[in-house]
Amino acid sequence: MITHFLGTEEVDGYARDIAERLELLGSDFPLVWCPLGKSGDKLSRRIAAALPLQRRKQIQVVPVFYNKKEKTVTVTDQDASVASIRSAAAVFLLDSSIHSGASMLAVMNELRALGAQRVVTYSLVVKQSTHFVPHFFGVLVGEHDRTLFLLPSIPNNRLFKPSVAPSGVLRSICANDCLRQSRALDTGVASLDKITWGDLWYEKQAHGYEVYVMEVDGEIAAYVKIKLNSKTMLIDTFAADKQHQGHGYGAALLRWSESLARAANCAAIELWAIANKVPMYRHLRFVETGREVMDLGDNERYHHMRRELLYTFDLEQLTHE
Amino acid sequence: MPISLAQYLEEAPERDQAAIGLELCEDCGVPLQETIAGYRPTGEQHAKHAVGEPVGAHGAKCSDCYFDRLGTLAEEYPIGRPTAVRRRLV
């Protein structure tokens, strides 16, 4: 997982280049521009600044938006804009970054449906996992990378949300933890309360698990046991002591776990969820794999669930609507 | 009518104010720009779960609120794949 940062100079360099390439199209130069959303809006300004003044006067702009929630495309002032879109030799559809490609592909389909003769597409940044490739693009980044540009500051990674004061020590389990007076957590779940620090240390040493603990005032408040496979991360166990719940330690451990999964280029995170909480995990976009249900008795029944880390969308649906 | 490029560049502050096309976090209301705040869809609308149950509510959260919810859930109802351990309690 790499964070790329493009400063103003770099962005302007790419903007000058795409401006020149559009000029090379001659009579096919797109005179109608459709910046996509807020990021397309920002980028279009930099490209416009790189054009000769005379060219700028010829360009008409029709901002377009894609609503991810509703999966709908909005073309600004659509009825009045259709004639321009149809008459232009080409329409220029641009956005700053493409992740899955769903937004740009949906908008492109809409512009074609409105009668655009040709749609020329551009994005400053494109992720390798995209299902849609624009005609021109600046930087191709990895599936798990993030790219920042035209920002006054670069957001750091964090373990706690902004409203929570960070506390505790997040670290790997170590041999000395086996010597603790308190041998395990009190989670209220019988099978988990049987797992000792020695068990976790053994799993780490013998079976290749990673175990991270959150230590608070000398006590272990929570832990997560994970296993990285080639394409997935299994959150094998997560437990928090009843006395230490509600302080954000669980969020910190799970956030760190996901960061590790992304850094290892995992495509998905898997876990076993207690049966009566499966709907809540579903809401957080975990999906039952249907592979297995583990019943341990004592009302402990677990479902295997999985959440994709990468951007995906139904290509069939978008191309055949 | 489409606007001219000059008009478009002048009108930017109004469009920025309207946070055009940006979805907001369903919990804290922050604009969901993927690389800055994170964009985490929630709900089951697009989930392809094996049991084929009906779809539910759909929204999106920023990364902070997503992990807040996931962490709280996991603290109250631990994630487990309990396996046989070295020490048997008899």
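These legends go with a few close-up views of a predicted model. Local features need pLDDT of at least 70 and side-chain atom pairs pLDDT 80 or more, while totals for chains, interfaces and linings use all residues. Residues count from 1 along each chain as its sequence is written, chains are lettered from A in the order in which they are written, and side-chain values use heavy atoms, leaving out hydrogens and water.

**View 1. Where chain A meets chain B.** Here 83 residues of chain A are in contact (heavy atoms within 4.5 Å) with 57 residues of chain B. On the chain A side, A:Lys38, A:Leu284 and A:Arg285 lose the most area to chain B, together 12% of what that side buries. The buried area (accessible area, 1.4 Å probe, that two parts lose on being put together, summed over both) is about 6,500 Å², with 58% from carbon and sulfur atoms.

**View 2. A salt bridge between the chains.** B:Asp64 pairs up with A:Arg158, their closest N and O atoms 3.1 Å apart. A salt bridge puts a side-chain nitrogen of Lys or Arg within 4 Å of a carboxyl oxygen of Asp or Glu, and the count between chain A and chain B is four.

View 3. Helices are DSSP runs of H or I, at least four residues, and strands are runs of E, at least two.

**View 4. A:Ser97 in strand E6.** This strand of chain A runs over residues 91–98. A:Ser97 counts as buried because its relative accessibility is 18%. Leaving aside residues up to four places away in sequence, A:Ser97 touches A:Ser123, A:Val125 and A:Phe149.

Note on methods. Buried means under 20% relative accessible area, exposed over 50%, partly exposed in between (1.4 Å probe, protein chains only).
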